[in-house]
Amino acid sequence: MMQQMHTILETDWGYMTAIWTDIGLWELDFPVKDKPEEPKGEVTEAVKFWSEQLRQELNMYWRGFAVIFGVPIDWRGYTSFQAAVLKFTATISYGQTTSYGALAREINSPKAARAVGGALHRNRVPIVVPCHRVIGAKGTLTGFGGGIELKQALLLLESSEG
């Protein structure tokens with residue numbers, strides 16, 4: 001069983017719970033208004049460093065800056081297809097969008113648009129892996145773990161860079 005360490009990040013948009021392994025970020029929750037209960041257990045120096053780095057990067061992101069997240073991600077637990085989808089999604093630039101079908105073509109699975117949606121649904125680290133930047137073929141906002149309103153807010157935030 002892999003050891004997981006939890007940290008609470010206080011960000012401009014609320015509190016976010018991050019779960020870490022010895023390799024990197026395992027999971028990141030969407031922001032909430034009320035501070036979650038402080039996690040029990042020790043965290044390593046690496047996790048303390050990554051957690052502070054992620055908090056700073058998220059605050060820059062929430063303030064409308066084009067951030068390239070630098071914390072390592074633990075990709076274990078995904079199928080090879082899911083990992084391919086998520087790793088490509090991690091490269092979609094701030095303020096840019098792509099469609100499920102275009103992403104499927106980018107990873108050499110042109111008929112897998114629906115499967116791309118399923119893989120994005122499994123994304124444990126939203127914002128850092130910006131699945132909100134993947135939209136429907138006609139520009140529609142579809143499926144997002146944080147809700148369509150949050151997806152719209154994130155895309156609006158990114159469209160007003162500057």
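A charge is taken to sit over a ring when NZ of Lys or CZ of Arg is within 6 Å of the ring centre and within 35 degrees of the ring normal. The model is predicted: local features need pLDDT of at least 70 and side-chain atom pairs pLDDT 80 or more, whereas totals for chains, interfaces and linings use all residues. Residues are numbered from 1 along each chain as its sequence is written, and side-chain values use heavy atoms, with hydrogens and water left out.

**View 1. R124 over the rings of W26 and Y78.** R124 lies over the face of W26, 3.6 Å from the ring centre. The charged end of R124 also sits over the ring of Y78, at 4.1 Å from its centre.

**View 2. The stacked pair of W13 and W62.** Rings of Phe, Tyr and Trp (its six-membered ring) pair if their centres lie within 6.5 Å; planes under 30 degrees apart are stacked, over 60 edge-to-face and the rest tilted. Six aromatic pairs are counted by this rule. In the stacked pair of W13 and W62, the centres are 4.2 Å apart and the planes 10°. W13 belongs to the loop between β1 (5-11) and β2 (14-20), and W62 to helix α1 (residues 45-62), 49 residues apart. Helices (H or I, at least four residues) and strands (E, at least two) are DSSP runs, numbered from the N terminus.

**View 3. The edge-to-face pair of Y61 and Y94.** The centres of Y61 and Y94 are 5.9 Å apart, with 85° between the planes. Y61 lies in helix α1 and Y94 in the loop between α2 (80-89) and β4 (98-99), so the pair ties together parts 33 residues apart in sequence.

**View 4. The aromatic cluster of W13, Y61, W62, F69 and Y94.** Buried means under 20% relative accessible area, exposed over 50%, and partly exposed in between (1.4 Å probe, protein chains only). W13 is partly exposed at 34%, while W62 is buried at 5%. Y61, at 0%, is buried, and Y94 is buried at 9%.
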